[in-house]
Amino acid sequence: MAMPQNSTRENGFCFAQPLDFSHPSPHSGEAGRPLGAARENDGCSTPLSNGIASSGAPSPSGAPSPSDSSAEPLCAPSPAQDPTPLEEGIKYVSAEGEEPACGWGAFTPGCLQPCNTSKGVLFFLCVASFLQGMTVNGFINTVITSIERRFDLRSYQSGLIASSYDIAACVCLTFVSYFGGNGHKPRWLGWGVLLMGLGSLLFALPHFTTGPYEARSAAQVGVCGGNQSLPCSQAPSSLSGYRFVFMLGQFLHGMGATPLYTLGVTYLDENVKTNYSPVYIAVFYTAAILGPAAGYLVGGMFLNIYTEIGRETDMAPENTLWVGAWWIGFLGAGAASLLISIPILGYPQRLPGSQRYIVMRVSEAHQLKDGSHKKALDPDFGKTVKDLPRSVLLLLKNPTFIFLCLAGATEATLIAGMSTFGPKFLESQFSLSASEAATFFGYLVVPAGGGGTFLGGFLVNKFKLRCSGIIKLCLLCTVSSLLAIFIFFIHCPNMPMAGVTQMYDGSALPGGHLNLTAACSAQCGCLQGTYSPVCGADGIMYYSPCHAGCKSVSVNLRNGKKVYQECSCVDKALLPGSGRAEAGKCTSSCAKKPLLLCFIFVVILFTFLSSIPALTATLRCVPDRQRSFALGIQWIVVRTLGGIPGPIAFGSMIDKSCLLWQDQCGEQGSCYVYQNSAMSRYTLVAGLVYKVLGTTFFIVACLLYKPPPPESAPGSLDASENGSSDLQEHKPSLPAEEDI
């Protein structure tokens, strides 16, 4: 019997053993027919496996073999759609004669083998991505203000702390994706998660190595006649040196997360059937998106606990000098990361039964005119450093890959900008507190971002899209979000604020210049160093209780908010005895709020909807042996052109709409009050620029994509995976071998 050969040799597998049945199949129609011939009725000419078909040999551990489970979708088909198995006694084993077991070295207990499946590794990778998102994109963003206050850091210093993550990722991506892609991926992943855990523990270390936090506070700060300002400290605090510890912790976070989103994705992709790969990757990324939402919620809870646990304080969380227990979340996340790295390190280089997917996969890699893409088909390509320049050159000569990277960078810019300044936009437009805005934004991101990510992978699987169809889906999503972004033409009006948006008497500000001085509060001696807005009974906001002329304070027992009385600037003509104000901003009654929220939801939904299809298209437009390295290069492009400059670009645009800046000892600090109309206008401009660029890049990628000619492909496994069109579906006459 002739030996079947892999005509493309793309995956480097040669078949040294014939495929034979030890027992004839009752469904084959011809006893003793070779398995390859039995598949010809499906229009399949691809060799099925580089292993042999054996009859029901038990697994080495004695436990049931999980090799078939990686062929199952996350949602199992209904019984009516289940194909009839060829023969229950037949299964696939690797060419070495035994399947790779889950364990650590020679320790491979049988109780662990049920986890040695694609669903098992998906679970642990989801936990790891959830912890990474919760720590880096949740806790860090939530506690950065508290860290600035506790360790006397400037804004640019805290910005360096945040950027250390991306810097580390960019430094490590090329090395990790190139060598890890050809190595033992679970070991790279496990050690990466371990590094993440160490980074989180290191990030919490300064709390335990510094003295107790001593805050100078006064009960009457901000009241007329009692306004106090902390003295300016020109000399840098000794605590500011801890920023290097935080930067090192973030650097470890970046190093540890590098394998997760490159090798983790390709490990999932090569260990499941091609059709199910987008769904598995979508679940993985959905967990990464839910992580920051949990980080915001849990981190916000911890910030309501005083940082020095067990010590009494007369301060409330609303106090500008309050520092919450920022460090608790990092301790928990660090310990969890160390634990979850242990099972990840135990997974084999390939899951049982995964070799069939590598052999069966039909290449959709972009075809270069000079044929140089065939270099990547060499089984020895990419295993040494000398192949690194050639690998980079091959990717740079792939126009589809390049424009998908550029499109990803534009989408990453929007996502980074939205995640950083989305809460600030809601806070300004709807006159919310910072915590209310963060919670509100979380309610938008969880269903829109998480749902859009999962839905994108589901649509690719549902409609059996091939590479060109996937790029068209990305284009459709980008155009839809481009149309929805025009909602930023409308905005909510600013709440009236005395001396900032209008004069104290309600008239317009001359020339638009600030004027916080007024006769009603002239005798109070108010200083601009303490910003503590209050809402007067007349519906007008004031810079502080002092600027409203308030002389006494009490606490509202119903909601715990401070109530200021005898406010000379509050219009008493409106209501008898109304010369009082309540701490906090005035509540907005903007009628456009539901419409704005609805379209912001749509923008977030369609932006995240294209993320998994774009990632899937990237995996398919490059040769199999370059997938990990291609993801690494893409992440470098996305971070350097999108993730790092995105918040800076959006921040610069939004800062142009600032009305009231913080005064830090004569230096300009952060912005207190934005002009809502200008903020919406600048957000619209930034959104349109990046969405138009993204649309253009997807169009060019679609036009330049050149799929392999049909005759060069080794054949189809089944029509649901490799139909002749983007949306073709075909019911095979015989069941696929994954279901055997």
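Trainee: Which side chain does Thr-210 join by a polar contact?
Mentor: The side chain of Arg-150, at 3.2 Å. A polar contact is a pair of N or O atoms within 3.5 Å; within protein, one must be able to donate a hydrogen and the other to accept it, and residues adjacent in sequence count only if both atoms are side-chain atoms. This is a predicted model, where local features need pLDDT of at least 70 and side-chain atom pairs count only at pLDDT 80 or more, while totals for chains, interfaces and linings use all residues. Residues are numbered from 1 along each chain as its sequence is written, and side-chain values use heavy atoms, leaving out hydrogens and water.
Trainee: What about the backbone oxygen of Pro-206?
Mentor: That oxygen lies 2.9 Å from a polar atom of the Thr-210 side chain.
Trainee: Is Thr-210 buried or exposed?
Mentor: Thr-210 is buried, with a relative accessible area of 14%; buried means under 20%, exposed over 50%, partly exposed in between (1.4 Å probe, protein chains only).
Trainee: New topic: how far apart are the end C-alpha atoms of α8?
Mentor: They are 27 Å apart, which agrees with the 26 Å that its 18 residues (328-345) should span at 1.5 Å a residue. The expected span is 1.5 Å times one less than the number of residues, and helices are DSSP runs (H or I, at least four residues) numbered from the N terminus.
Trainee: Which residues are buried in α8?
Mentor: Among them are Gly-329, Phe-330, Ala-333 and Ile-344. What covers the buried residues of α8 includes α2, α4 and α7.

How values were computed: Helices (H or I, at least four residues) and strands (E, at least two) are DSSP runs, numbered from the N terminus. Contact means heavy atoms within 4.5 Å.
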